[in-house]
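Here are my notes on the model you sent.

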2 protein chains.
Amino acid sequence: MAERLIVVGGDAAGMAAASQARRRRSRDDLEIIAFERGHFTSYSACGIPYWISGLVTDREQLVARSPATHREEFAIDVRLRHEVVGIDLVRREVVAQDLDGGGEVRERFDTLMYAAGAIPKKPDWARGDIAGVFGVQTLDDGSALRAWLDADPQPRRAIVVGGGYIGVEMAEALVRRGMSVTLVERDEQPMSTVDPDMARLVTEAMHGLGVTIRTGVRVTGLSEHDGRVSEVVTDDGPIPTDLVVLGLGVAPNTALADAAGLPLGPTGGIRVDRRMRVTGMPGVWAAGDCVETLHRVSGMPVHVPLGTHANKQGRVAGINIGGGYATFAGVIGTAVTKVCDLEVGRTGLRERDAEAAGFEFVSVIAESTNRAGYYPGARPMTVKLIAERPSGRLLGAQIVGWTEAAKRIDTLAVALWNNMTVDEMTALDLGYAPPYAPVWDPVLVAARKAVDALAR
Amino acid sequence: MAERLIVVGGDAAGMAAASQARRRRSRDDLEIIAFERGHFTSYSACGIPYWISGLVTDREQLVARSPATHREEFAIDVRLRHEVVGIDLVRREVVAQDLDGGGEVRERFDTLMYAAGAIPKKPDWARGDIAGVFGVQTLDDGSALRAWLDADPQPRRAIVVGGGYIGVEMAEALVRRGMSVTLVERDEQPMSTVDPDMARLVTEAMHGLGVTIRTGVRVTGLSEHDGRVSEVVTDDGPIPTDLVVLGLGVAPNTALADAAGLPLGPTGGIRVDRRMRVTGMPGVWAAGDCVETLHRVSGMPVHVPLGTHANKQGRVAGINIGGGYATFAGVIGTAVTKVCDLEVGRTGLRERDAEAAGFEFVSVIAESTNRAGYYPGARPMTVKLIAERPSGRLLGAQIVGWTEAAKRIDTLAVALWNNMTVDEMTALDLGYAPPYAPVWDPVLVAARKAVDALAR
């Protein structure tokens, strides 16, 4: 009899693992069943804001691989709308509810791949069942929001609570749809994924876009009218609205894992080893937004829910399940986002992270341009570097600019990955031509400035 | 009496050295005289094609620092239109001709900075004094070409000989001005700065731009009419034209250095040590397009005339002349260019370079997109990687794409700089968001493909 792999969660991590395992082991050798509570597999959750805004016209475009593809090309028994509700590690079986057909199924496994993803953080005030309150974590969430936006009468006002990546992207998406949008942020400014001096540039861009930003405001409740949300109640008074988007971040979806006895780490994510094996649990693997991972710079466990890590981790798990050898090397916190025309990139540690990790450091901000100053379309570009003192080792970097800026963070990410010092970085042989960079690339300008700061 | 530094050549390398030396040593301690045979200092030669095309409207925009700035802010005695014609290392003096005023000046030096740049390669057929034949190496060259283009009657037809960076950029510039442009290339295709399989994409783009490309054609002479060029004579027949641009590359401008006894290396460039000191010549420094430098991947000396290196090398020399300590770490051959909307980047070794250096290698070409496939404006992007076998160490990379492609070569350049293997590269934490990359960044897709190729 073939061994059986059961995959809990049919998105990036789970299906990457399943397809990698299949590449190495035939269906006669390994049977694969994947349970997914939603209607989709392997889709781009990061693309949801662009579908909401209308930039992406068709939901199906966000689906990288359909269930049919998984079934036909990879011989994976994908069971949509089946939510796993119990895992028994002793009997080696899972119990899943058929959300549409009703009833339960029970399946044994030899190997378990836990990839249940993340769930939007819901404070107490959002836990009721008032209509018009949306997370944007899954494609089903996105579908529900789209339906609400297209309903009659059309909502005109939106409140986004929380100004992280998803909050900022959703605020822009809703403004693009012509809505009146208010972003409510508890802290002094949104975009705390970068340091405050860099976040200020993002805040200005959002103002320019027409988003109303209410900072230092804490949401305490919701009011409803006929079962639909009508107001967000805050410590600074109520704000009327026709819908609420939760942009408070996500937490690892681990209730089921925890109940089954899988170990959780300090971040709340499942603890895995370098091969994505759940620590101390033979035959049990986990990957994606539900696990915690090593931050290579701080040396600490972190929870970084991001499709690119989910895919890489799922692939690593799948190679190992398939009998190969692969490890996940950890993350350095690289991320990019777009706010209107403003581009934002970050990698490594922010100042507060560097402090928390115990580093001494200098930080510098260098102003430059994306192209040679005389070349048409040259726009300002701001690069911030954080470097350990006295070693000069790069600890973190942030970029804000207007076109061709964000992805330059990759240059800094690879330098950081390789433990380069800012002094070594000044020597880097980077591409130079007037349409692409000044003769001193913005990255080099910043590195030189950091070297000067270290010498002081 | 103050020591005296004499700088031969007032462009990027020479003036970077002079200003760095000045930062560290006051005018009472170090007198600095810079001789420049042209009319300008510290300008962007790389910007000339964009001034020719009209994209850059004003020649002065290309000047990073005027002679007045050098004189007033840096107390550098800049002498324009003075060509150094003799260097006497024993008597420690230079002889310069005043090209406008006539006569010679003779100045002693304690320290010499040789930064005479490069000169366009001129085959025998181009050595006459037929009007209408142009190099585009200096701003004075550019000015002469602009004057020719604006003369009455306006030239309508142009021939660019040689399809390297400057040839390709000039062909585009002249097409943008509405001219009928023929590019004559001796080899099978232009853009031999990348491998033929990647160069083909560039050739197609140039066809699309309306450039006539004549490959496998060797120029043997020029015909003239009333002292003006009227035809380029080739082994495939004559081609009528109103002007000729030489895009055959440049050679280190070392006649003067050679005569003075400065050592030249196998590339024809001046030999310098890591601090940019001319090998075996106390108190004599050189930097920029006239020197040869270490290629970090091949380990061989190379001549890479490029503003970014000239600036870095000049800065290194100046820091050392000023009493500080700095070294130039060598190059890895990173370069980017733009052909219409097509973007081209390269770093490290091409296949032919890897062969010449004695490496065994695999090479792979991966097709991907610059953005998530569903995001508006997603365009194809081709990444080629060359990796040593069996180690997997990255040896070279090339990118061709349509928007937001070329500068991604920096990501690969930093990986190459740090001796990463393609296997290590698959783990890199690069920025991901739908407007900037698919969930597997094109760089990662290529690295994975290279890993697969190495396993075969």
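**Notes on the predicted model**

1. A salt bridge joins the side chains of Lys407(A) and Asp441(B), with 2.5 Å from N to O. The model is a predicted one, and this distance, like the other values below, is computed from it. Between chain B and chain A the count is two salt bridges. Polar contacts across this interface amount to 24 residue pairs, with both residues at pLDDT 80 or more.

2. On the side of chain B that touches chain A, the elements giving two or more residues are α1 (12-24), α8 (307-321), β21 (335-339), β22 (342-348), α10 (409-417) and α12 (442-455) of chain B. By residue class, this side of chain B divides into 32 nonpolar, 15 polar and twelve charged residues.

3. Contact between the chains involves 59 residues of chain B and 59 residues of chain A. The area buried between chain B and chain A is about 5200 Å², and carbon and sulfur atoms give 63% of that area. Tyr374(B), Asp429(B) and Tyr436(B) supply 16% of what chain B buries against chain A, more than any other three residues.

4. Which residues touch the most other members of the largest nonpolar core? In this core of 89 residues they are Leu385(A), Leu412(A) and Met425(A), together with Leu385(B), Leu412(B) and Met425(B). For Met425(B), leaving aside residues up to four places away in sequence, the residues touched are Leu394(B), Leu412(B), Ala415(B), Met420(B), Val443(B), Leu444(B) and Ala447(B).

5. Arg350(A) sits in the loop between β22 (342-348) and α9 (351-356) of chain A. Is Arg350(A) buried or exposed? Its relative accessible area is 15%, so Arg350(A) counts as buried, the cut-off being under 20%. Beyond residues up to four places away in sequence, Arg350(A) touches Ser192(A), Thr193(A), Val194(A), Asp195(A), Ile386(A) and Gln398(A). Ala405(A) lies 55 residues from Arg350(A) along the chain, and 18 Å separates their C-alpha atoms.

6. Asp195(A), one of the residues that Arg350(A) touches, has its place in the loop between β11 (180-185) and α6 (196-209) of chain A. With a relative accessible area of 2%, Asp195(A) is buried. Apart from residues up to four places away in sequence, Asp195(A) touches Arg350(A), Glu351(A), Arg352(A), Lys384(A), Ile386(A) and Gln398(A).

7. Please look at the peptide bond between Arg389(A) and Pro390(A), which is cis, with omega about 5°. Pro390(A) is in the loop between β24 (380-388) and β25 (394-402) of chain A. In chain B, a cis peptide bond joins Arg389(B) to Pro390(B), again with omega about 5°. Pro390(B) belongs to the loop between β24 (380-388) and β25 (394-402) of chain B.

8. Met276(A) has a positive phi, near 75°, although the residue is not glycine. Its place is in the loop between α7 (255-260) and β18 (284-286) of chain A. Met276(A) is buried, with a relative accessible area of 2%.

9. Ser42(B) is another residue other than glycine with a positive phi, here near 45°. The loop that holds Ser42(B) runs between β2 (30-36) and α2 (48-53) of chain B. Ser42(B) has 10% relative accessibility and therefore counts as buried.

How values were computed: Residues are numbered from 1 along each chain as its sequence is written. Chains are lettered from A and ligands numbered from 1 in the order in which they are written. This is a predicted model: local features need pLDDT of at least 70, side-chain atom pairs count only at pLDDT 80 or more; totals for chains, interfaces and linings use all residues. Side-chain values use heavy atoms; hydrogens and water are left out. Contact means heavy atoms within 4.5 Å. Buried area is the accessible area (1.4 Å probe) that two parts lose on being put together, summed over both. A salt bridge is a side-chain nitrogen of Lys or Arg within 4 Å of a carboxyl oxygen of Asp or Glu. A polar contact is a pair of N or O atoms within 3.5 Å; within protein, one must be able to donate a hydrogen and the other to accept it, and residues adjacent in sequence count only if both atoms are side-chain atoms. Helices (H or I, at least four residues) and strands (E, at least two) are DSSP runs, numbered from the N terminus. Ala, Val, Leu, Ile, Met, Phe, Trp, Tyr, Cys and Pro count as nonpolar, Asp, Glu, Lys and Arg as charged, and the others, Gly among them, as polar. A nonpolar core is a set of buried Ala, Val, Leu, Ile, Met, Phe, Trp, Tyr and Cys residues joined through side-chain atoms within 4.5 Å. Buried means under 20% relative accessible area, exposed over 50%, partly exposed in between (1.4 Å probe, protein chains only).
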